[in-house]
Amino acid sequence: MVRGSLLNQTLNFLFYILVQIILVKNLVLFDTAFCFIYVAFLLLLPLETGILIILLLGFITGFLVDVFYNSLGIHTAACVLLAYLRTHWIRLLTPTGGYEVGAKISLNSMGLRWFSSYCLVLIFIHHIALFFLELGGFGLFYFTLFKIITSTFLTFMVIVIVQYLSGSIYSRRV
Amino acid sequence: MQRLFQILLKYRAFIIFVLLEFLSGWLIIQNNQYQSAAFFNSSNALAGNIINATNYLSEYLSLRKVNQELSQENAILRNQLLRNPSVTTGSTSIDSTLSTEFEYIPAKVINNSTRRFKNYLTLNKGSNDGVEPGMGVIGIHGIVGVVKSSSNHFATIISLLHGNMLVSSKIESSNTLCTTKWDGVNPLRANLLYVPRHIELNIGDTVSTSGYNAIFPEKILIGTISQVKLPEDATFYDIRISLSTEFHGLSYVYVLQNNLKAEKISLEVNSITE
């Protein structure tokens with residue numbers, strides 16, 4: 001069970017990072033909406049993953065993406081922030097009766113309402129950190145805020161689409 | 001002592017979090033230094049090869065445009081030859097120090113961004129071909145950027161579209177020295193700073209490099225003035241220029257190797273310290 005999920009997570013990691021640095025890197029909608037789909041890897045880690053592991057994975061993920069974006073440290077900082085807040089945000093979102101044991105974080109198992117409130121807030125925080133760190137100040141505040149909001153929605157939409165696609169594949173296999 | 005360990009254990013997640021954030025902050029500061037021998041960027045071997053492979057597939061999509069541009073450049077060069085036949089006959093009337101100061105290293109852009117606040121390019125030539133940090137990069141239509149770091153086969157370029165990039169420039173009509181800086185919003189426009197208010201300006205005036213440094217030679221095109229404002233109490237004009245280089249579709253560029261850079265800089269440093 002554990003080995004299977006480890007393999008799964010490794011494949012997930014490779015998939016999201018490769019999609020990010022090969023395909024999505026050059027995708028900018030309307031000159032403002034960027035897509036950072038790789039955060040899905042951090043968001044979708046199993047519920048019971050220890051926070052130290054998530055922090056380290058966040059650091060590694062961000063660092064790898066930074067190498068390809070020539071922005072050393074910026075994605076890393078944003079990802080570590082996301083990784084740290086993730087556990088707390090999940091605790092705050094606990095439904096009445098708590099989570100089921102061994103529950104997976106996915107659109108199918110959690111429902112659209114939980115999933116969107118979970119993802120949107122964390123993506124938004126990640127993007128705030130990312131864009132303002134890249135800007136290195138608050139000079140173009142409203143322009144940047146606009147970029148952050150549009151990018152948050154684009155990233156979220158793409159994650160949901162991938163969820164629907166992979167969900168249908170899994171259900172067919174079962 | 002035991003209590004200390006208990007506290008450390010209790011807040012271990014927060015401590016690790018703060019540590020990792022400090023590490024990221026340190027990386028950001030390291031990376032912001034103007035030219036560095038940074039290893040962890042798109043010019044390292046792994047990243048460069050992956051980017052190169054992706055580019056190998058996607059370059060077919062822009063072949064038509066690249067061909068057009070190259071033939072356009074050929075036409076411009078042929079026209080220059082017609083006007084200046086001494087180049088072909090090898091006449092010695094050209095000043096030999098000037099003619100050998102800069103050498104061009106052709107390179108292909110394999111990775112490019114224009115929509116971020118700090119944009120970079122990756123080239124497929126590295127230190128094996130003579131590309132070193134600090135060299136200038138120009139395209140067919142004008143200035144492109146400066147080499148940030150280079151590995152054996154790849155180089156990372158700080159684009160002109162980078163918030164920290166300042167280029168010493170000159171308004172051709174009046175020979176006014178000024179500075180070009182990108183504002184972070186529109187990849188087709190930039191600002192021209194430090195033009196004093198007594199200078200006469202016209203919309204459409206050409207702005208080019210000043211040649212007062214060892215990176216770019218004189219008269220490399222930067223753009224043309226598109227908008228001029230003069231606030232009542234300001235010392236300097238607010239000038240917008242439209243950039244001559246179309247960064248979005250860059251395909252082939254030239255890295256400028258300055259053979260006299262060491263001589264020029266050491267002379268300048270010597271005369272300052274005396």
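Predicted model: local features only at pLDDT ≥ 70, side-chain atom pairs only at ≥ 80, totals over all residues.
**Interface, extent.** I first looked up how many residues take part: chain A gives 33 residues to the contact and chain B gives 32. I then looked up the area buried between the two chains, which is about 3,100 Å², with 70% of that coming from carbon and sulfur atoms. On the chain A side, I noted that Asn70(A), Leu72(A) and Glu134(A) lose the most area to chain B, together 23% of what that side buries.

I searched for salt bridges across the interface and found one. It joins Arg116(B) to Glu134(A), with the closest N and O atoms 3.2 Å apart. Glu134(A) was already on my list of residues that lose the most area to chain B. I also looked for polar contacts between chain A and chain B, and five residue pairs came up.

I checked which helices supply at least two residues each to the side of chain A that touches chain B, and noted H3 (51-69), H4 (74-92), H6 (112-135) and H7 (141-173). H3(A) gives the most, nine residues. Sorted by class, this side has 23 nonpolar, six polar and four charged residues.

**Cores.** I turned next to the largest nonpolar core, which has 70 residues; Ile37(A), Leu43(A), Leu55(A), Ile105(A), Phe115(A), Tyr118(A) and Ile159(A) touch the most other members. H6(A) gives the most to this core, 11 residues. I followed up Phe115(A): leaving out residues up to four places away in sequence, its contacts include Leu44(A), Ile105(A), Phe156(A) and Ile159(A). I also recorded a second, separate core of 44 residues, with Tyr120(B), Val137(B), Val147(B) and Trp182(B) among them.

Key. Residues numbered from 1 in each chain as written. Chains lettered and ligands numbered in written order. Heavy atoms only, no water. Contact = heavy atoms within 4.5 Å. Buried area = accessible area lost by both parts, 1.4 Å probe. Salt bridge = Lys/Arg side-chain N within 4 Å of Asp/Glu carboxyl O. Polar contact = N/O pair within 3.5 Å; in protein donor to acceptor, adjacent residues only side chain to side chain. Helix = DSSP H or I, 4+ residues; strand = E, 2+ residues; numbered from the N terminus. Nonpolar A, V, L, I, M, F, W, Y, C, P; charged D, E, K, R; others polar. Core = buried A, V, L, I, M, F, W, Y, C linked by side-chain atoms within 4.5 Å. Buried < 20%, exposed > 50% of the residue type's maximum accessible area, 1.4 Å probe, protein only.
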